[in-house]
Amino acid sequence: MPKNTMQLNPDKVALRIAEAGKPIKAHTSEDLSEKTIHRMKKGGATSLTKAHLLAAALDTTVEDLLVPPGREEVERQLPRNWLYEGVTPSGELRHHFPAQLAIGGDPEGYIVDRPPSGWQDPLDALLKWQTQGGRKIVLRRTTNAYLVELHYFEYTPNRAQELDYHGASACRFFALSRTRDEFRKAALNELNAEWVWSDLRRMAMERADIVDVEGHIAPAHPRDYVPVARFYRGMVVRRKIEGMRVFSQFHRDFRRALIEYLDGLDPCRVQVSTHGLGIQIRIAAVRPAVYVPLWQDDELCIEVDLAWWTPDSRLAPAPWRREHRERVVAALVERNWAAVYSPGLPLAYPTDNADEDEGEDPPLAPDLHIPPRVAKAVMALYCPEPEQCEVYVKAAA
């Protein structure tokens with residue numbers, strides 16, 4: 001991009017235009033054409049002068065238009081009324097649990113309530129219902145409507161190999177426009193529609209054990225999930241990656257390596273918390289007893305996520321329910337090693353690799369001999385941009 005040009009955040013530009021409540025033509029001037037505004041709204045490059053003109057027309061600043069919109073900003077733009085209706089889930093079902101058992105409503109199975117983004121909306125009530133056992137979330141969408149299916153399962157017979165689906169529930173919802181006491185189905189603008197869809201996908205990754213999102217291939221069994229650990233050294237500002245390691249099973253080699261490692265550390269040095277879609281373990285450095293002028297507080301940070309191998313040998317993020325991650329975090333803080341397990345993942349099961357079963361568990365440390373194929377897959381998982389991957393490769397080498 002030339003030095004004299006810049007790129008505004010297209011979502012923020014679209015949001016500010018929507019907040020203004022006027023057509024794009026109303027923000028034009030002698031030096032700012034409608035075509036230029038459309039280009040900036042699509043993420044095209046523009047000059048600093050044009051950016052300042054648009055910011056002034058929208059009663060904001062260029063700095064504001066450079067950053068993505070916050071969650072609260074987008075939620076304020078969503079219609080206040082949404083219709084939720086229970087529908088029949090797809091596939092052959094042993095039991096159908098009507099959605100109105102969780103979301104309320106009349107016998108016809110619908111209710112008008114707030115947007116699907118707050119803490120007390122009907123969708124949240126549906127997700128809090130039947131939390132025991134395994135849960136698969138299926139997401140589908142049409143032009144202006146969204147569908148969420150919840151399928152409940154148990155591991156049988158040894159909680160490792162088979163999934164026994166015993167019922168499902170489903171809810172379809174869409175926005176409404178209101179004129180006095182009359183409601184009509186409303187169309188979302190492109191920004192709001194995509195934001196709701198992205199939020200639903202994030203919600204599914206945090207609230208399900210298996211996710212089936214329209215257009216995305218997903219594994220059929222959580223046993224295919226592998227723990228991916230990344231190791232960083234240093235404080236946040238100057239933190240550098242030391243390496244990575246991919247374990248075979250959460251409840252097998254990873255759990256044993258984690259317990260063995262933390263059991264030998266002073267509990268006061270260890271801080272554990274949920275982080276993103278995984279967990280984060282921070283180990284404080286031991287400060288020298290004698291003053292050392294050049295000593296630096298290089299804490300060790302271990303970030304652990306779940307991923308699965310796609311058919312084309314790539315790693316993709318795997319769902320890991322937040323409530324299960326919080327259980328693991330609490331057990332690690334209390335040093336209750338027996339409780340360090342995730343109910344959403346099958347217990348340790350035999351693998352087809354005999355050498356893996358007979359050998360020792362890998363340590364909770366960077367893998368010095370990680371295969372190039374695995375290293376490339378891990379880097380692609382966290383660094384979708386090629387330029388980032390190059391930095392990641394040099395740091396991990």
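Q: Below what relative accessible area does a residue count as buried?
A: Picture a 1.4 Å probe, with protein chains only taken into account. Exposed means over 50%, partly exposed is in between, and buried means under 20%.

Q: From which number are the residues counted along each chain?
A: First, a word on what you're looking at: this is a predicted model, in which local features need pLDDT of at least 70, side-chain atom pairs count only at pLDDT 80 or more, and totals for chains, interfaces and linings use all residues. Side-chain values use heavy atoms, leaving out hydrogens and water, and each chain, as its sequence is written, has its residues numbered from 1.

Q: What pLDDT does the protein average?
A: pLDDT is the predictor's confidence in each residue, on a scale from 0 to 100. In this protein, 89% of the residues score at least 70. The average is 86.

Q: How many helices and strands does the protein have?
A: Both kinds of element are DSSP runs numbered from the N terminus: helices are H or I with at least four residues, and strands are E with at least two. By that rule, the protein has 13 helices and 15 strands.

Q: What share of the residues is buried?
A: The protein has 397 residues. Among its contacts with a separation of 6 or more, 64% are between residues 24 or more positions apart. As for burial, the buried share of the residues is 44%.

Q: Why do the buried residues of H2 line one face of the helix?
A: Helix H2 spans residues 34–41, and Thr36, Ile37 and Met40 are buried in it. An α-helix has 3.6 residues a turn, so residues three or four places apart point the same way. The arc is taken from the directions running from the helix axis to the C-beta atoms. The buried residues line one face of H2 because, seen down its axis, they fall within an arc of 100°.

Q: Which elements are included in what covers the buried residues of H2?
A: Just after H2 comes Gly43, with a positive phi of about 90°. The cover over the buried residues of H2 includes strand E2 (45–47), helix H1 (10–20) and helix H3 (48–57).

Q: Is Leu65 buried or exposed?
A: Leu65 belongs to helix H4 (residues 62–66). Not counting residues up to four places away in sequence, Leu65 touches Leu8, Asn9, Lys12, Val13, Arg16, Leu54, Ala55 and Thr60. Pro10 is 55 residues away from Leu65 in sequence, yet the C-alpha to C-alpha gap is 8.2 Å. With 0% relative accessibility, Leu65 counts as buried.

Q: What is the phi of Asp59, a residue other than glycine?
A: Most residues other than glycine have a negative phi. Asp59 sits in the loop between H3 and H4 and is exposed, with a relative accessible area of 74%. Its phi is positive, near 60°.

Q: Where is Arg180?
A: Arg180 isn't a glycine, but it has a positive phi of about 55°. It's exposed too, at a relative accessible area of 74%. You'll find Arg180 in the loop between strand E7 (162–179) and strand E8 (182–185).

Q: How many disulfides does a search of the whole structure find?
A: Cys171 is buried at 0% relative accessibility, and Cys301 is buried with a relative accessible area of 0%. Cys268, in the loop between helix H9 (250–263) and strand E12 (270–275), counts as exposed at 72%. A disulfide here is a pair of cysteine sulfur atoms within 2.5 Å. The number found in the whole structure is zero.

Q: What is the volume of the largest cavity?
A: A cavity is a set of points on a 1 Å grid over the protein atoms alone where a 1.4 Å probe fits but cannot get out, and lining residues have an atom within 4 Å of a point. Grid points are joined across faces, edges and corners, and a volume is the space filled by probe spheres set on the points. The search finds two cavities of 30 Å³ or more. The lining of the largest includes Arg223, Phe250, His251 and Tyr349, and its volume is about 70 Å³.

Methods. Contact = heavy atoms within 4.5 Å. 1 Å grid on protein atoms, 1.4 Å probe; cavity = no way out; pocket = protein on both sides within 12 Å on 5 of 7 lines; lining within 4 Å.
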